[in-house]
Amino acid sequence: MSVFKMSKTLLKNIFHGPYTVPYPVKKKETYERTRGKIGISIDDCIFCGMCERRCPTGAIQTDKAKTSWSIERLKCIQCGYCSEVCPKKCLTMENQYTAPSYGNVRDEYVKCTNIQSPGES
Amino acid sequence: MKEQILKEISPNDLLTEIMKIKNDGYRLVAISCTNKNGMELTYSFDKDYELLNIRLITDTETELPSISILYPYSFLYENEIKELFGVKITGIIPDFNDNLYKIPVKTPFGVNE
Amino acid sequence: MGNRTIVPFGPQHPVLPEPIHLDLVLEDETVVEAIPRIGYIHRGLEKLVEKRDYQQYCYVAERICGICSFMHGMGYCMSIERIMDVEVPERGEFLRTIWAELSRLHSHLLWLGLLADAFGFESLFMQSWKLREQVLDIFEETTGGRVIFSVCDIGGVRKDISSETLMKIRTVLTEMEKELKETTSVFINDTTVKLRTKGVGVLTKQMAFDLGAVGPMARASGIEMDMRTQGYSAYGKLDFKPITNDGGDCYARTRVRIKEMFQSIDLIRQCIDKIPGGDINVKVKGTPNGEQFIRLEQPRGEVVYYTKANGTKFLDRVRVRTPTFANLPALLETLKNCSLADVPILILTIDPCISCTER
């Protein structure tokens with residue numbers, strides 16, 4: 001009877017156990033290429049504003065005078081275009097995701113220069 | 001890929017042209033509208049992977065006959081163009097009277113900024 | 001004449017992955033007419049092309065829809081390439097084909113799962129999606145995204161797949177093919193599945209042509225139409241034949257999609273065997289000027305990309321005619337004279353993708 005076509009698969013599954021990952025206990029591994037979030041090594045940044053102009057969603061803001069670079073995490077679509085056009089290659093795509101959050105979060109990075117004290121901004 | 005043919009016609013010849021195309025056994029692929037220098041409507045047809053485009057230029061004032069009497073499944077395209085661009089297409093079966101999409105702005109694609 | 005009632009179907013319904021609304025006019029238990037109402041997720045992405053330059057729009061194009069994501073990006077890139085006369089390196093074309101076929105595989109598996117879910121075969125649904133997970137893992141490993149790849153670029157692709165990874169994909173697919181055979185044999189042979197799908201929603205060849213059906217919907221009615229035979233990308237160098245079935249009912253559509261999955265696996269294997277070395281992309285300079293129609297075969301059928309450029313970096317118009325848009329009239333026709341209980345299955349067999357439809 002072809003009603004029992006599925007039985008073989010089902011039996012196999014019973015002996016195999018779950019195929020899923022018990023999430024909070026064990027996390028799924030990410031790959032090297034996984035597009036998680038954009039990271040910046042702020043000391044290399046020259047604040048040219050290339051990433052700001054190229055970002056399809058306008059998530060990035062740079063300020064040359066204040067030497068600051070900021071990104072709105074929820075606006076970012078993880079396309080990686082900014083890291084591709086960055087002339088100093090200081091933007092990287094990290095393979096860990098941003099933590100969940102309520103509301104808009106703007107992560108700001110400020111480059112410490114001799115003129116400016118690190119605590120400012 | 002096979003050749004793409006583009007033929008420009010006047011809006012008055014629309015139905016006669018499309019009648020000819022239908023009799024030749026073409027399938028309607030898409031109706032596209034572009035809003036630059038007037039409303040530019042392109043009717044695309046396919047037969048054995050050959051793409052035939054019929055183009056006409058109209059505006060939002062002139063009434064344009066619907067081709068849904070010849071190609072019944074054109075109604076979605078025509079309703080869409082009527083709603084998004086504001087081209088006055090008359091006699092679409094069934095006519096959704098600008099209620100196909102749920103949009104707050106009237107003819108959002110029809111305005112040039 | 002029986003009692004006429006109107007049953008609103010959707011936009012929220014367990015069987016619908018995306019919102020579409022149908023007003024079903026019923027006579028007793030039989031559907032007499034169905035009136036669609038779309039527009040719950042219209043985002044105006046076609047208009048956005050006037051605000052984003054043609055290179056940024058690559059990322060917008062692939063976000064038109066999650067399931068056909070890669071092929072949307074590919075279609076857009078191909079149309080710009082055609083306008084600008086850019087020749088994509090052969091390796092780039094092959095990589096695109098591999099990702100496109102993997103997309104088809106994952107889309108069909110998703111659809112099989114949803115179909116099983118629609119007729120209440122939960123374990124079969126889980127089984128299909130378990131298989132799909134492996135494809136998604138390949139995506140994540142090779143492109144970085146599970147659904148949105150962001151690898152297609154004007155002039156080629158952004159990321160290369162190393163030969164070790166290609167071999168790994170091959171092994172994964174061989175393993176998967178065995179499991180796939182087991183799962184799909186349930187769809188083909190199981191009595192309960194047959195009872196729900198056989199003879200339901202028959203679309204004859206003539207009807208399918210008259211209603212402008214595309215993709216698996218048309219092929220299941222015996223129309224041999226597959227844009228891949230036109231040899232875009234690397235398809236010209238691969239050996240395959242469009243899969244058709246004369247049944248025209250839900251069962252035939254299921255069979256066509258199942259066979260297409262095995263065909264996809266075969267095509268990926270051919271690609272892995274034939275993939276040449278060399279560059280994966282070329283640098284594109286300047287701005288496009290001109291217009292172009294591009295047609296591709298998506299998992300759901302033929303998609304039309306119309307791009308019009310004016311010599312600046314902002315395009316005049318991008319128009320996407322998606323397969324579901326073309327298949328909706330056929331769906332409305334098959335809904336006539338079916339029983340209310342069959343409506344969910346009928347809606348699913350066109351493999352509706354509403355995000356694509358409304359853009």
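This is a predicted model: local features need pLDDT of at least 70, side-chain atom pairs count only at pLDDT 80 or more; totals for chains, interfaces and linings use all residues.

**Entry: A:Thr67.** Is A:Thr67 buried or exposed? Its relative accessibility is 12%, and since buried means under 20%, A:Thr67 counts as buried. I found A:Thr67 in the loop of chain A that runs between strand E2 (60-63) and strand E3 (68-72). I also checked its backbone: A:Thr67 has a positive phi of about 45 degrees, although it is not a glycine.

**Entry: A:Lys89.** Next I looked up another residue with a positive phi. A:Lys89 is not a glycine either, and its phi is about 55 degrees. A:Lys89 sits in the loop between H3 and strand E4 (91-94) of chain A. Here the relative accessible area is 51%, and because exposed means over 50%, A:Lys89 is exposed.

**Entry: A:Val85.** I then went to helix H3 (residues 81-85) of chain A, where A:Val85 has its place. With a relative accessible area of 16%, A:Val85 is buried. Which residues does A:Val85 touch, if I leave out those up to four places away in sequence? I noted A:Met50 and A:Arg54. A:Met50 is 35 residues away from A:Val85 in sequence, yet their C-alpha atoms are 7.0 Å apart in space.

**Entry: helix H2 of chain B.** How many of the 11 residues of helix H2 (residues 75-85) of chain B are buried? I got 11 of 11, so I wrote down "mostly covered" for this helix. Among the buried residues are B:Phe75, B:Tyr77, B:Ile81 and B:Phe85, and charged ones such as B:Glu78 and B:Lys82 are on the list too.

**Entry: chain B as a whole.** I counted 2 helices and 6 strands in chain B. Along the sequence they follow the pattern β-α-β-β-β-β-α-β. The radius of gyration is 14 Å, close to the 13 Å that the globule rule gives for 113 residues, so chain B is as compact as a globular protein of that length. Its C-alpha atoms fill a box of roughly 40 × 30 × 25 Å along the principal axes. Buried residues make up 52% of the 113 residues. I also looked at contacts between residues at least 6 apart in the sequence of chain B: 51% of them join residues at least 24 apart. For charges, I noted 12 positive and 18 negative side chains, with the centres of the two sets 3 Å apart.

**Entry: chain C as a whole.** Chain C has 12 helices and 8 strands. Does its radius of gyration agree or disagree with that of a compact globule? It agrees: a compact globule of 359 residues would be near 21 Å, and chain C has 20 Å. The C-alpha trace spans about 65 × 45 × 35 Å along its principal axes. In chain C, 67% of the 359 residues are buried. The accessible surface is about 11600 Å², and 51% of it belongs to carbon and sulfur atoms. I listed 45 positive and 48 negative side chains for chain C, and the centres of those two sets lie 3 Å apart.

**Entry: which chains meet.** There are 2 pairs of chains in contact, and chains B and C share the most contacts. Chains A and B do not touch, as their nearest C-alpha atoms are 20 Å apart.

**Entry: the nonpolar cores.** The largest nonpolar core holds 163 residues. Which of them touch the most other members? I wrote down B:Tyr43, B:Phe45, B:Tyr71, C:Tyr76 and C:Trp99. Helix H3 (residues 90-118) of chain C gives this core its largest share, 14 residues. A second, separate core has 16 residues, including A:Ile42, A:Cys45, A:Cys55 and A:Ile60. Last, I went back to B:Tyr71 and its contacts beyond four places in sequence; among them are B:Ile18, B:Tyr26, B:Leu28 and B:Phe45.

Terms used
Residues are numbered from 1 along each chain as its sequence is written. Chains are lettered from A and ligands numbered from 1 in the order in which they are written. Side-chain values use heavy atoms; hydrogens and water are left out. Helices (H or I, at least four residues) and strands (E, at least two) are DSSP runs, numbered from the N terminus. The radius of gyration is taken over C-alpha atoms; the globule rule is 2.2 Å times the number of residues to the power 0.38. Buried means under 20% relative accessible area, exposed over 50%, partly exposed in between (1.4 Å probe, protein chains only). Accessible areas come from the Shrake-Rupley method with a 1.4 Å probe; for residues, only the protein chains shown count as cover. The place of a charge is taken as NZ of Lys, CZ of Arg, CG of Asp or CD of Glu. Contact means heavy atoms within 4.5 Å. A nonpolar core is a set of buried Ala, Val, Leu, Ile, Met, Phe, Trp, Tyr and Cys residues joined through side-chain atoms within 4.5 Å.
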